[in-house]
Amino acid sequence: MILLILSIGLLIAFLSPSLHRIAKDNLGLLLAIYPLSFLLFLLSRGSSATVETHTWIERFNINFSFQLNELGWLFGVLVSFFAIFIFVYASKYMSYYKGAGRFFLALCMFFTAMMGIVLSENLISLFLFWEMTSFSSFLLIGFFHEDESSRRSAMQSMVITVGGGLFFLLGVLLLGHVVGSYEIRDVIAQKDLLIGHSFTPYIVGLILMGAMTKSAQFPFHFWLPNAMAAPTPVSAFLHSATMVKAGVFLVMRMYPALGWNEIFTTVLLLSGAITMLLGAWRSVVRLELKAILANTTISALGIIMMFLGLGTAKAIAAAVVFLFAHAFYKATLFLVAGNVIKAKKDKNIGNLAGNFKDMPQTGLASWLGALSMAGMIPFLGFLGKELLYGSAFEAGSLIAYILLGATFISSAFFVVVALRFSWYLFKPGSQDTGHELNSKELPFGLTLSPLVFSIGGLTLGLIGSLAFVQDKIAAMAGTILPEAFEKVDLGLWHGINGALILSIITLIVGFLLFKNLNMRESKRPVVGSEKSYFAFLSNMNKLASFHYQQMQTGYLRNYLGVTLLFLVVMIGVAVYIVGQPAPLNEILTVPPEYPFYQQVIILSIPIAVGIIFFTNSRVKAIITLGIVGFSLALIFIYYGAPDVAITQLLVETLTVVFFVIILHKLPEFKTFAPKYGNVGYFVISLIFGLAMTYVMIQVMYFDIPDTLKGYFGEASYLEGKGKNIVNVILVDFRALDTMGEIAVLAIAATGVISMLRLKDHSELNKSSNKKVS
Amino acid sequence: MKENLIIGALLSPFVAGIIGLLPNISVQWQKRVSLLGTISMMIFSSLLVIEVDKVGVLSFQAGGWEAPYGISIVADRLSALMVLVTSIIAFPALILGFESVHKDRKVAKFFPIFMFLILGISGSFLTGDVFNLFVWFEIMLISSFVLLVMGNSKKQVKGTIKYLAINVLSSTLFLVGIGVLYGIAGSVNMAHLALVLPEIEPKGLVALSAVFFFVAFGIKAAIFPVYFWLPSSYHTPSTAATTIIGALLTKVGIYTMLRFFSLMYYDQISWMQQIVFVIAAFTMISGGLGALAQTNVKKLFSFSIISQIGYMVMGVFIGTAAAFGAVIYFLVHNILVKGALFIITGIVGEHTRNFDLKKGGGIAKTYPLLAVFYLIVGLSLVGIPPLSGFWGKFGLLSAGIITEQYWIISIALAVSVLTILYFLKVWNEYFWKAPKVTKTKRPLPYKFVISGSAIVLSVILIAVFADPIINYCVQAGEDLFNKNLYIKSVLGDVEISI
């Protein structure tokens, strides 16, 4: 059933460009039916432990399998709920741009992929959807692809997330190798196999690489702010509420299997803490609306990862609640930012003070979202922060207190950002004077969704203590760590305790910071990992060109030289590893005896070759080459193969004749190689010659098994009815070879004719006077 | 007489080629005959695959001379599949050629030579005889020379000279290898050699003969550091020729390597393995870097061929049944995807008369269909599931994990980053970037659309039917590993002492 829905979803995605022609600007409203029905499906089904399995690749034991456990189910509900209102928003938003069809194609594909991730039970099918989110995100970030920066950002996110996906894949493969199954429930059930296994550190590291690249954790955080090149609905949906949470989801999903591992928790703690502080600091020194939000998103993801790393029951409960709070207020604020940018055609927060009168509805949403972000009672954000603080207090260790401090700092910065998005951007009763007067409130289609999300955050905060809400969220936390089930407490009032006091201090410090921090832009990077990315790219490109120039010199002599050397080296390696067939001195102790006339023939070959090497005349070279051929023919005669010798003689004669005919038509011979460059080639030739000689004398030293000889000797007369064995072999035993060779001749002849007949239609005519190198 | 299917598959391109060479036959008829030959070959080879999947191996002796004396023609699962894939890629390449080959070239028998190239390739896949393989190689190479040089432009001649010189050298080494092999084993029949070679002492001699074949096939397959000829020549001829040559020729090298080192030289893998892994690693990296440095799209994908060859060489020398199966799937995937990349970028290039990435742009806007095609095929190349490249990679990686070859598979995985980079480079520059000069949009000729759709469809289909295809490939890999089936089919019930 789930597979069916997902497949239909993909089909809808691919149809959206066509649907766009019918539905026009209401395409998003039409398509919103898809997440809506997914949501209704999930709600009607309820969570369950049933696994739905479809065989995918039987040989590799890979299935499409899905489940609706508490974690996946609630994530699914969250994602589809957001998707509905993002689709509604995007419907209006995209009517201002061309290409809504392909936009919704990618968005639908993304939504499907995200649902696939949260509902997958098999790690390989999870990986499929994982990559699909990366890819659809790539298309969406690059939506305005005629901008260079858009393309660059899209490429960056693709390289980082798909690159991280490769590590993830290797981790999954190793995991599957150890456990013997890719089904997550099997992995969890057999986690004992992982304990103490030498693969485990690698598995943990590799899977975390996947999660951290996707969730923009330090040192891979930098792609996320650049991803803001995408249209606003995408930023709100993919890059705050859902896709970047995929990494967090993966950590949660694998927590029962890997959470016991110290590397796992330590990496999460460290990288989460750095990410959190880095994002928080950056968010207050950015002026671009979406960049501010992107950095707070990075920070929030860091918080979630860090508390997952802390790993106490209450910390995990806190991480889950905070995840929900963040999703609601961040989506709200992104849409608010989108509306402001759309209405005012300005994205610099410094120019945008006081828009409340112009945009009251957007302003209201912004206030509600910001209050949740700041952690004001009774919003969901308040509950999240309470739990975060409370869990750190409860853990009580030194690390927990350090974390508490760091969380406090980030939360204070969150308050600053929240105030900028409410008090500054939408001060009640304020009037914007800097922009055109007609920059009024946007249509309902664009204000509905931010209002829904912001009210959602408020409502959940208010009704959180109701049993059915609390139970669901607690059940989700319980899937990650069973003990966490007890620790989810969404009551608003717990009396005056450390967490509450710290919350109040956070608000005060945040307010003071807001008053005293200048709104200024500082792009000076705190850490240089984005720099390293660009350095990696440019070094890669430099290395590539350097390497290309080194390899492809364009000189045939270099190519042939390297090729021959390669063969010699391989022969050397073979002899070195496997050993000589027969020791060389043993072979050489019995030097063959050659009569005088043979010695002359044998000696004439190297002499002839030497002449070729030093001559400057083509005719001389050809004739001396002829000497080599004729000498060979004589040797054939001596060894009892007159027919081969005759063939050789014929070929040699013809070659010499043809060459001489052609040669005088060619331009004068010139040496292009550097004067002493030939020495190197001479050495290579010599080494090659020696290596071949070595191989030949080794082969000659052993007797040829003559299974074939005997058969051919008998059968050629008796069965082939021919007296000349060679002839019978050629035209009967191996007639197929001969036919093939005839075909070769025919093709070669055709080739020659076509070369002679065809005129070059581009260059040759012009350059025929130039010398051909 | 199921063996006739093999003959049918070989005769189809052969007869089409011969008819095309007849004097006074019009270009129109050359085209028709070639198309007919390709389709007939496709039918025969499909039937062959179905039949071979039932019985395991089909073989016969040319001229009826019994093995090991005569020439054996053998179709096992691997061979049959390769022939089928050859015919599948030949079809869109041919259709592309109908539209794009320059008129003069057609007069000069482009299509018949194309058919002979297909013949040589299919013959190489089907022969069970080492010397006969040499002959098929000759047919294949001479046809490819002619296709490469046809058109006579200066850069073609320059490229072809390098191609010719190095490939003739490779053929010579191949021939020397056959000589050495005959010298030590007294036979050229592969099945017979599979029985004889493991018995031969001293081992050093067998190793020496293996080196010659490794280097000769390595040159054909374009491994590091002997791949020079490929990037010098592949981008020069017409797109149809580049497609078929680029998709298939290097893979024939891989096929023969796979065949030789599974059937005859299996015990050589142990000493060669780590050395070959080093070579394979350099091949992957070097090809990937080379691709990244290019601005000519044909040249870029020529280097990409090299990079992918590294993966296959690695798989052959992992040397388990699973690895062989993975290599076979990778071969099928790579032939189709590489062919598709050449076809699609070729269509763009031919249609806009520009193969330069720097000058190109805007295709996503003007020809969205081609952009979609490129994305599908490019993501297959990168190995994004559920597309075919993923399963190739998956198979190779898991074969590597099982045999504990960690360093080489880590490199294989890391090189995927290079693949992503050059895939994106082409996409950004050719498809997404706004063109410098906006040209008026001309509709795509229908032959381009057919050719592109056919090849993209086949790339999609091997992903959709991944399960049965992988099943077949894994079975083919096991056949290679066990080899008894092959030997028995050729030699009858001989005493097999392996």
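The largest cavity in this predicted model has a volume of about 70 Å³, where a cavity is, on a 1 Å grid over the protein atoms alone, a set of points at which a 1.4 Å probe fits but cannot get out, and where the volume is the space filled by probe spheres set on the points, these being joined across faces, edges and corners. Rolling a probe the size of a water molecule over the atoms shows where empty space is left. By this rule the model holds 5 cavities of 30 Å³ or more. The lining of the largest cavity, counted as residues that have an atom within 4 Å of a point, consists of Gln308(B), Tyr311(B), Phe330(B), His333(B), Leu381(B), Val382(B), Gly383(B), Gly389(B), Lys393(B), Ser416(B) and Thr419(B). At least two lining residues each are supplied by helix 13 (297-318), helix 14 (321-352), helix 16 (368-382), helix 17 (388-402) and helix 18 (406-432) of chain B, helices being DSSP runs of H or I with at least four residues, numbered from the N terminus. The lining comprises 4 nonpolar, 6 polar and 1 charged residues, where Ala, Val, Leu, Ile, Met, Phe, Trp, Tyr, Cys and Pro count as nonpolar, Asp, Glu, Lys and Arg as charged, and the others, Gly among them, as polar.

Residues are numbered from 1 along each chain as its sequence is written, and chains are lettered from A in the order in which they are written. Local features were considered only at pLDDT of at least 70 and side-chain atom pairs only at pLDDT 80 or more, whereas totals for chains, interfaces and linings use all residues, and side-chain values rest on heavy atoms, with hydrogens and water left out.

The second largest cavity, with a volume of about 60 Å³, is lined by residues of chain A, including Ile303(A), Phe322(A), Tyr329(A), Lys385(A), Ser411(A) and Phe414(A). Helix 15, helix 16 (360-374), helix 17 (380-395) and helix 18 (398-424) of chain A each contribute at least two residues to this lining, and the largest share, 3 residues, comes from helix 17. Here the division is into 6 nonpolar, 4 polar and 1 charged residues. Ser411(A), one of the lining residues, is placed in helix 18 of chain A and is buried, with a relative accessible area of 5%; buried means under 20% relative accessible area, exposed over 50%, and partly exposed in between, with a 1.4 Å probe and protein chains only. A polar atom of the Ser411(A) side chain lies 2.7 Å from the backbone oxygen of Thr407(A). When neighbours within four places in sequence are left aside, Ser411(A) is in contact (heavy atoms within 4.5 Å) with Lys385(A), Tyr389(A) and Thr506(A).

In the surroundings of Phe261(B), residues up to four places away in sequence not being counted, the residues touched are Ala210(B), Phe214(B), Tyr266(B), Gln268(B), Ile269(B), Met272(B), Val316(B) and Phe317(B).

Several features of the backbone were also examined. Most residues other than glycine have a negative phi, and most peptide bonds are trans. In chain B, a cis peptide bond with omega of about -10° joins Glu201(B) and Pro202(B), and Pro202(B) is placed in the loop between helix 8 (190-196) and helix 9 (203-221). The bond from Phe224(B) to Pro225(B) is likewise cis, with omega near -5°, and Pro225(B) is found in the loop between helix 9 and helix 10 (229-233). In chain A, Lys24(A) has a positive phi near 55° and lies in the loop between helix 1 (2-23) and helix 2 (27-31), where this lysine is exposed, with a relative accessible area of 52%. Ala216(A) also has a positive phi, of about 55°, and lies in the loop between helix 9 and helix 10 (223-226) of chain A, but Ala216(A) is buried, with a relative accessible area of 0%.

How values were computed:
On a 1 Å grid over the protein atoms alone, a cavity is a set of points where a 1.4 Å probe fits but cannot get out, and a pocket is an open set with protein on both sides within 12 Å along at least five of seven lines; lining residues have an atom within 4 Å of a point. A polar contact is a pair of N or O atoms within 3.5 Å; within protein, one must be able to donate a hydrogen and the other to accept it, and residues adjacent in sequence count only if both atoms are side-chain atoms.
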